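User: I am new to reading protein models. Can you walk me through one, feature by feature?

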Amino acid sequence: MPGIHFSLRMSEEEIAALTAGAVDDLVRDLVARAFERLPWGEQSPAQAEALAHLHMLVHLRQAIERLEENAAHEAAEAGAGYPQIGRASNMTRQGARRRWPGLITHDPTPHATPRSSR
């Protein structure tokens with residue numbers, strides 16, 4: 001991906017499969033650490049496990065959103081602009097600007113100085 005200052009060792013499809021497997025493993029581990037199934041619950045063990053898995057995924061999504069926000073700010077503080085942040089986020093420059101308005105505090109686009117009328 002030009003302009004983002006890193007290169008891919010894998011295809012996007014391979015990265016997607018890698019992350020899906022890693023997230024599934026992580027969620028299973030976190031569910032085992034964070035939740036305990038109640039023996040007198042109305043749900044079957046499979047239903048209780050699926051609901052715990054879903055609940056952990058919600059927490060994980062929220063954590064990822066916070067981490068993504070922090071990473072976008074860190075990239076901007078390191079000098080990246082909306083075009084680079086957008087490409088790294090699989091979105092356009094405009095998409096990144098809408099997602100993180102005010103992230104870039106300087107506008108590198110030169111503005112024409114209005115002429116004064118005399």
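This is a predicted model: local features need pLDDT of at least 70, side-chain atom pairs count only at pLDDT 80 or more; totals for chains, interfaces and linings use all residues.

User: Let me step back. How many helices and strands does the protein have?

Analyst: The protein has four helices and zero strands. Read from the N terminus on, its elements run α-α-α-α.

User: How much of the protein counts as buried?

Analyst: The cut-off comes first: buried means under 20% relative accessible area. Of the 118 residues of the protein, 16% count as buried.

User: Is His 53 buried or exposed?

Analyst: Apply that cut-off. His 53 has 16% relative accessibility, so this residue counts as buried. His 53 lies in helix H2. Now look at its partners, not counting residues up to four places away in sequence. His 53 touches Asp 24, Val 27, Arg 28 and Val 31.

User: What does Val 23 touch, leaving aside its neighbours within four places in sequence?

Analyst: Val 23 is in contact with Leu 57 and Leu 60. Val 23 is found in helix H1. Its relative accessible area is 30%, so Val 23 is partly exposed. Compare sequence with space: Val 23 and Leu 57 are 34 residues apart along the chain, and their C-alpha atoms are separated by 9.0 Å.

User: How far apart are Leu 30 and Ala 52, in sequence and in space?

Analyst: Leu 30 and Ala 52 are 22 residues apart in sequence. In space they are 9.8 Å apart, C-alpha to C-alpha. Leu 30 lies in helix H1. With a relative accessible area of 21%, Leu 30 is partly exposed.

User: What share of the contacts in the protein with a separation of 6 or more comes from residues 24 or more positions apart?

Analyst: Residues 24 or more positions apart account for 44% of those contacts.

User: Next, pockets. How is empty space found?

Analyst: Rolling a probe the size of a water molecule over the atoms shows where empty space is left. In this model, the largest pocket has a volume of about 230 Å³.

User: How many residues line the largest pocket, and which lie nearest its centre?

Analyst: The lining has 11 residues. Glu 36, Arg 37, Ala 48, Glu 49 and Ala 52 lie nearest the centre. Helix H2 (residues 45-77) gives the most to this lining, with four residues. By class, the lining has six nonpolar, two polar and three charged residues.

User: Now the backbone angles. What is the phi of Asn 90?

Analyst: Asn 90 has a positive phi of about 60 degrees, although it is not a glycine. Asn 90 lies in the loop between helix H3 (82-88) and helix H4 (93-99). Its relative accessible area is 60%, so Asn 90 is exposed.

User: Where is Arg 97?

Analyst: Arg 97 is in helix H4. At 42% relative accessibility, Arg 97 counts as partly exposed. Arg 97 and Pro 83 are 14 residues apart in sequence and 9.0 Å apart in space, C-alpha to C-alpha.

Note on methods: Residues are numbered from 1 along each chain as its sequence is written. Side-chain values use heavy atoms; hydrogens and water are left out. On a 1 Å grid over the protein atoms alone, a cavity is a set of points where a 1.4 Å probe fits but cannot get out, and a pocket is an open set with protein on both sides within 12 Å along at least five of seven lines; lining residues have an atom within 4 Å of a point. Grid points are joined across faces, edges and corners, and a volume is the space filled by probe spheres set on the points. Helices (H or I, at least four residues) and strands (E, at least two) are DSSP runs, numbered from the N terminus. Ala, Val, Leu, Ile, Met, Phe, Trp, Tyr, Cys and Pro count as nonpolar, Asp, Glu, Lys and Arg as charged, and the others, Gly among them, as polar. Buried means under 20% relative accessible area, exposed over 50%, partly exposed in between (1.4 Å probe, protein chains only). Contact means heavy atoms within 4.5 Å.
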